[in-house]
Amino acid sequence: MAFEIPQIPLADWCDAALDWATDHFSGVTRAISAVIGTGIETITDTLVSLPPWVVIVAVALLAWRLTTARIALLSAVGFAFLWNVGLWIPTMQSLVLVLVSTAFALMIGVPIGITAALSRRFWRVVGPLLDMMQTMPSFVYLIPAIPFFGLGAVSACFATIVFAMPPTIRLTALGILQTPPELVEAADAFGSSRWQKLFKVQLPLAIPTIMAGINQTIMLALSMVVIAAMIGAGGLGGEVWKAIQRLEAGAGFQAGIAIVVLAIILDRITQHVALRMRVDKKND
Amino acid sequence: MTPNQIPHPNPASEARIRVRGLTKVFGEHPERGLALLAQGKGRAEVLKDTGCVVGLQDVSFDVAPGEILVVMGLSGSGKSTCLRCINRLVTPSAGEVVVDGTDVTRLSEHELLAFRRKHFGMVFQQFALFPHRTILRNVEYGLEIQGVAPTERTERAMTAIEQVGLKGWDQHLPSQLSGGMQQRAGLARALALDPDVLLMDEAFSALDPLIRRDMQQELVALQKRVKKTIVFVSHDLDEAIALGGRIVLMKDGRVVQQGSAADFLGNPADDYVRRFVEHIDVLGVVTAGDAMRAPALVARWDMPAAEALSRLDAAGEPVATVICEEGRFQGTVDATSLRGAGGTVLKLLAADRHAFVAERAPLNTAVVALAGGRGEIAVVGDDGHLRGIITNADLVAALARRHRATPPAGASPAHPVQ
């Protein structure tokens, strides 16, 4: 006689929760989807309609302003390469998705990070949630994204935000909590209120750490945007996906290398900005 | 003097800070620790029974307006906790801290912030300057918190920066300044608020010895001008002496003794105090007034030499001290200078007009004068009047006996011999 332990219907529960959420919120989320989708499309269309060399010069100038001439040159050469291999449009699509997702991740993540730093209880709730968000295989986020936002860029954007946000939250909280205790005490001794302490002392000192978090968020966003090609996000990931389906190894590697180039450019620029803020603070 | 007697430096004036029965128990359940303390249990027992650490136990003292009070003790003695209870960076478990008539322990969180802004400036051991702000913006910080308008706060901050000798450095970042300069900036940040009370936590301990001494002297000089009430925490007895104020000596969270350094030397409360002051520079603590004695012979400067000589011979003394009609010190005469001078008045014969020290000066200022002179120097009051003399023998006695703070009998102002 087999003694059977009943199986926990975890999958059913998750389905039930998602169904409930879809029933109640999909109206709202579809509306959001429409707005964001239009936004992403407009930005992408604008970039694509410009001659590529204009975009390349603009990126190089921006990089030069924010970082060094070397990094500016690297960016220009990198983008020129992407243009040359005929991946200009997918590159722009991926870039816009990464930047829009990162912008949302920051708008949501920084305030959550600040709250987590100020409230121990909130941090105890958020901490494990962040661990879960980061260890969950990233594909899983794609599935529920579809009923809420439909196939395409907005679902990709949503999944990317969820996947890429944790480092921003974590490092914002860490940066604030790492404020040297003697500086917190000095702020207290002069009668600073909680908000004065936060905005005049803790946040300014946390900025280099927060920038490190932003750098990580951008890198994670890029990796997620590639995966999101599976739900029709297009871009460089879409090229890889197409190559897989057609078993074209050469095209697959070409798109893969393009992603690496884009990643290097984004990483160098953000890392340098973070570094400069750290150095600024220490010895001008 | 027992720890619980409160010596009031000036009974007529109201204390600016009054600390009474201040107790701090750190731990999960401070009330249990407090209950045990109330039963007369000691620090070790409280730790064993409740896991609570007694940081402060029944600490009481007063700080008069314009006074520098040094709270002294080794690390772990509770001195820093005590300082932080005054502006409630540490919340006391029991007792009261009254600053300008307000019991700080009873303020609400909101009132506390306002009270800190208005009354306290604080200077920290590791400077605690904000690294992302220039010196000017650091010094402005307290004013910014108070909501002072930008132009006014820059003006006040610049005044404070000038006061501490940092003019021209206002646009630099703290990391570009040496330790000594950073602490000047820390001091300026506290002074810019024009607070009633300056709390200084081991403010000079992180500085090099030479710079530390300079800063101590400058603080004393500054204090003469700005007349703040200063509570200065230090582990260094020499620093306490250099600052020249009263000292509250703490050990294991309790006050062991309070008084002047000379009190500690002359009348130590227990062996701990005795050991604490063992290596003290006696000549730097004991004042000339403490060590002086009555002059053997005092003569007015209109006395003829012959008469002075006969008095010297009669008394068997080598030297007589000369004063004017008002009692001001005018020099000394000895038998050699008097012999054969006949009716010449002492005014014309007196030598060593500058061989005197101020009554309140430390004894070490007398050493050089004694070494070069006739074996005695005069001690004068602030008004220039003769108070007594110090001989080589007195100096040796002071060194040998770790001289008591109270002046020896017979050192009252001498009456001139007519």
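1. This is a predicted model. In it, 20 residues of chain B are in contact with 18 residues of chain A. On the chain B side, the elements that give two or more residues are helix H4 (109-119), strand S6 (120-123) and helix H5 (135-146). H4(B) supplies the largest share of that side, with four residues. Sorted by class, the side of chain B that touches chain A has twelve nonpolar, six polar and two charged residues.

2. Chain A has eleven helices and zero strands. Its pattern along the sequence is accordingly written α-α-α-α-α-α-α-α-α-α-α. Along the principal axes, the C-alpha atoms of chain A fill a box of roughly 70 × 65 × 40 Å. Of the 284 residues in chain A, 40% are buried. Where contacts in chain A join residues at least 6 apart in sequence, 77% of them join residues at least 24 apart.

3. An unreviewed UniProt entry places the feature "transmembrane region" at residues 71-89, 95-118, 139-165, 218-237 and 249-266 of chain A. Residues 71-89 of chain A are 84% helix and 0% strand, with the end C-alpha atoms 23 Å apart. Residues 139-165 of chain A are 89% helix and 0% strand, and there the end C-alpha atoms lie 16 Å apart.

4. How do two helices of chain A, H4 and H10, cross? Packed helices are described by the angle between their axes and the distance between the axes. The axes of helix H4 (residues 88-118) and helix H10 (residues 235-246) of chain A come within 6 Å and cross at roughly 125°. Because of that angle, H4(A) counts as oblique to H10(A).

5. The residues at this crossing can be named. From H4(A) come Pro90(A), Thr91(A), Gln93(A), Ser94(A) and Leu97(A), and they meet Gly235(A), Leu236(A), Gly237(A), Gly238(A) and Glu239(A) of H10(A). By class, the residues of this contact between H4(A) and H10(A) are three nonpolar, six polar and one charged.

6. Chain B has 17 helices and 16 strands. The C-alpha trace of chain B spans about 85 × 55 × 35 Å along its principal axes. Buried residues account for 46% of the 418 residues in chain B. Among contacts in chain B between residues at least 6 apart in sequence, 66% join residues at least 24 apart.

7. One open sheet of chain B has four strands in the order S2-S1-S4-S5, with antiparallel pairing. Strand S2 (53-63) and strand S5 (102-103) of chain B are the edge strands, each pairing on one side only. Within the sheet, strand S1 (residues 17-26) and strand S4 (residues 94-99) of chain B pair in the antiparallel sense over five bridges. Thr23(B) has Ala94(B) in S4(B) as its bridge partner. Helix H1 (residues 30-38) of chain B packs on this sheet and touches S1, S2 and S4 of chain B. The direction of H1(B) makes about 115° with that of S1(B).

8. Is strand S8 (residues 229-234) of chain B mostly covered or mostly open? S8(B) is mostly covered, with six of its six residues buried. Both faces are covered: Thr229(B), Val231(B) and Val233(B) are buried on one side, and Ile230(B), Phe232(B) and Ser234(B) on the other.

9. S8(B) also has strand partners. Strand S3 (residues 68-72) of chain B runs parallel to S8(B), joined to it by five bridges. In this pairing, Met72(B) stands opposite Ser234(B). Strand S7 (residues 197-201) of chain B likewise pairs with S8(B) in the parallel sense over five bridges. Here Val197(B) has Thr229(B) as its bridge partner.

10. Another open sheet of chain B has three strands in the order S14-S15-S16, and its pairing is mixed. Its edge strands, each pairing on one side only, are strand S14 (356-358) and strand S16 (386-391) of chain B. From one strand to the next, the twist averages 30°. Strand S15 (residues 376-380) of chain B is joined to S16(B) by five bridges, and the two run antiparallel. Ala378(B) stands opposite Ile389(B) in S16(B).

Definitions and conventions:
Residues numbered from 1 in each chain as written. Chains lettered and ligands numbered in written order. Predicted model: local features only at pLDDT ≥ 70, side-chain atom pairs only at ≥ 80, totals over all residues. Contact = placed C-beta atoms within 7 Å. Nonpolar A, V, L, I, M, F, W, Y, C, P; charged D, E, K, R; others polar. Buried ≥ 20, exposed ≤ 12 C-beta atoms within 10 Å, placed from the backbone. UniProt positions renumbered as here; feature names shortened; annotations may be inferred. Pairing = 2+ DSSP bridges. Axes fitted to C-alpha atoms, helices over the stretch in contact; angles between N-to-C directions. Parallel < 35°, antiparallel > 145°, perpendicular 65-115°, else oblique.
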